[in-house]
Number of protein chains: 2
Amino acid sequence: MTKNRIKPLILITNDDGVQALGINKLIEAIRPLGEIVVFAPDGPRSGMSGAITSIIPIRAALVKKEDDLTVYACSGTPVDCVKLALNEFLDRKPDLLIAGINHGSNSAICIIYSGTIGATFEGCVAGIPSIGVSLTDHSSHADFTQAANYGKLTAEKVLKNGLPNGVCLNLNVPAIPKVKGLKVCSQTKGRWTEEFQVGKGPFGNTVYWLTGVFLNEDPDNVLNDEWALDNGYAALVPLKIDMTDYAVMEMLKEWEGN
Amino acid sequence: MTKNRIKPLILITNDDGVQALGINKLIEAIRPLGEIVVFAPDGPRSGMSGAITSIIPIRAALVKKEDDLTVYACSGTPVDCVKLALNEFLDRKPDLLIAGINHGSNSAICIIYSGTIGATFEGCVAGIPSIGVSLTDHSSHADFTQAANYGKLTAEKVLKNGLPNGVCLNLNVPAIPKVKGLKVCSQTKGRWTEEFQVGKGPFGNTVYWLTGVFLNEDPDNVLNDEWALDNGYAALVPLKIDMTDYAVMEMLKEWEGN
């Protein structure tokens, strides 16, 4: 067994693309923890959710290979990146997957649209302890220092303790001068409203451009992730890939038959 | 109040595109139940999950307007379709959303990749009772008769009884001569394996084309959707949009602090 084999293997991906500041700050923070393989989209893939590419083939290119750090850029979605890395590029199963650091929050219902969380779920489905990390600042030159620290702290805890099967973590860090600490939270109930800016294209046709305002439908719940972020805490939500509502399953039993 | 206002308003979408046989068979089956608005992608969007389009604007075109049936084609993803219909095209909130009938199953873990389920979740987030319907046959000329019947039966039940807030339904129908009946199920634990066909592009570069074999990790569970489908039943799974694992949330409380 080589020296590298003793170190944890950590797969890093994101949805902002391999060139984004957020993933590079994450690589910097996580690098001391193990052998790092970065397998990330070759450009922005925000809002790609759990999308997969099946109609066309995808490609990947080696960007960089240094001691314990290998970086690939892939033409696919964040989920494609995870699938391709696991199936064709890694010679063993990673001990950890981290997606991020996303430029912008992925709290509350945003998890269902997020490519960062799509990749995190994919790691979880493959049986890898997986963490998505996001900062509540969309700017390309945001300060990722604290988000990277919380990402590293969480990664260390997960490497040490593991995670229950079928559960991954969604970490959001507020973009404020001094984060107060970590809160373990639930996914905030809410949705987006006023979602389109309506305009005209160059030939006079009407076009719709996605925008929106988040409506928090449970603002007084001190246990949810929006409350934590609004109050200066980093929010850690355990998400499960079994979405069955077992209570409702019992309720619907009377629909059976026919 | 006009006559139309008394009828339920039903929003229909899919991920195979407005031209697909599956959605047209669904429209045919559902049409007697209310006023129908179809707002579907203008072409195939399989595997788009909950993806949203934010980098470019989207468009929509009226395809057809008849008594109680209006059909739009949209350049966006399935989720974009639902968002745009609700925000800009409908003058009231639909009483029901149905996505499908998908060409191919969306059982087990496939829900996290499925554009059909992405659209279904989006309806649910907006507070609309929502159903995704899929047939276990990918072919463009599949026989949708039974899937359409089960879709209609489920739609009637949902229109009559409603659904709990935050819960939507995933209906899969097996492509067999005679479906045995409806089973209320849980999401099967499993994942895809052997996921890529590796080949060469025209310039000699290596390309990876998504394929795969589903691995059922809980094959003996008679309560899950794969079991139901394998045994000739239509499988109805209630899915919730709150993915928080509350038990794990308690376990992780000791990670709180800095």
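This is a predicted model: local features need pLDDT of at least 70, side-chain atom pairs count only at pLDDT 80 or more; totals for chains, interfaces and linings use all residues.
**Entry 1: α3 against α4 in chain A**

On the α3(A) side I found Pro78(A), Val79(A), Cys81(A), Val82(A) and Lys83(A). They meet Gly115(A), Thr116(A), Gly118(A), Ala119(A), Glu122(A) and Gly123(A) in α4(A). Sorted by class, this contact of α3(A) with α4(A) has five nonpolar, four polar and two charged residues.

Next I looked up the geometry. Two packed helices are described by the angle between their axes and the distance between the axes. Helix α3 of chain A covers residues 78-89, and its axis comes within 7 Å of that of α4(A), crossing at roughly 30°. That makes α3(A) roughly parallel to α4(A), because angles under 35 degrees count that way. The crossing in which α3(A) passes α4(A) is right-handed.

**Entry 2: how covered is α4(A)?**

How many of the eleven residues of α4(A) are buried? Eleven of the eleven are, so I noted the helix as largely enclosed by the rest of the structure. The list of buried residues includes Phe121(A), Glu122(A) and Cys124(A).

I then checked what they pack against. From chain A I got β1, α3, β5, β6 and β7.

Nine strands make up an open sheet with mixed pairing, and I wrote the order down as β3-β4-β2-β1-β5-β6-β7-β13-β8 (chain A). β3 (60-66) and β8 (182-184) of chain A are at the edges with a single partner strand each, so one side of each has no neighbour in the sheet. From one strand to the next, the twist averages 20°.

β3(A) and β4 of chain A (residues 69-74) pair in the antiparallel sense, over six bridges. In this pairing Ala60(A) is opposite Cys74(A) of β4(A).

Helix α2 of chain A (residues 21-30) touches β1 (9-13), β2 (35-41), β5 (96-103) and β6 (130-135) of chain A. The direction of α2 makes about 140° with that of β5(A). Helix α4 of chain A (residues 115-125) touches β1, β5, β6 and β7 (167-173) of chain A. Its direction makes about 165° with that of β6(A).

I picked one residue from strand β8 of chain A, Lys183(A). Is Lys183(A) buried or exposed? I counted 23 C-beta neighbours inside 10 Å, so Lys183(A) counts as buried. Leaving out residues up to four places away in sequence, Lys183(A) touches Ala228(A), Tyr233(A), Ala235(A), Leu236(A) and, from chain B, Glu256(B). I also looked up Lys93(A): it is 90 residues from Lys183(A) in sequence and 30 Å away in space, C-alpha to C-alpha.

**Entry 3: where the chains meet**

I found 66 residues of chain B in contact with 65 residues of chain A. Elements of chain B that each supply at least two residues to its side include α5 (145-161), β10 (196-200), β11 (206-210) and α7 (246-252). Which element gives the most to the side of chain B that touches chain A? It is β13(B), with five residues. The residues of this side of chain B divide into 37 nonpolar, 16 polar and 13 charged.

**Entry 4: helices of chain B**

The axes of α3 (residues 78-89) and α4 (residues 115-125) of chain B come within 7 Å and cross at roughly 30°. That makes α3(B) roughly parallel to α4(B), and the crossing is right-handed.

My last stop was helix α2 of chain B (residues 21-30), which is mostly covered, with seven of its ten residues buried. They are Gly22(B), Ile23(B), Lys25(B), Leu26(B), Ile27(B), Ala29(B) and Ile30(B). Among the elements covering them I noted β1 (9-13), β2 (35-41), β5 (96-103), β6 (130-135) and α5 of chain B.

Methods:
Residues are numbered from 1 along each chain as its sequence is written. Chains are lettered from A and ligands numbered from 1 in the order in which they are written. Two strands pair if DSSP finds at least two bridges between them. Helices (H or I, at least four residues) and strands (E, at least two) are DSSP runs, numbered from the N terminus. Axes are lines fitted to C-alpha atoms, for helices over the stretch in contact, and angles run from 0 to 180 degrees between N-to-C directions. Two residues are in contact if their C-beta atoms, placed from the backbone, lie within 7 Å. Angles under 35 degrees count as roughly parallel, over 145 as roughly antiparallel, 65 to 115 as roughly perpendicular and the rest as oblique. A crossing is left-handed if the near helix is turned anticlockwise from the far one by less than a right angle, and right-handed if clockwise. Ala, Val, Leu, Ile, Met, Phe, Trp, Tyr, Cys and Pro count as nonpolar, Asp, Glu, Lys and Arg as charged, and the others, Gly among them, as polar. A residue is buried if 20 or more other C-beta atoms lie within 10 Å of its own, exposed if 12 or fewer, and partly exposed in between; C-beta atoms are placed from the backbone.
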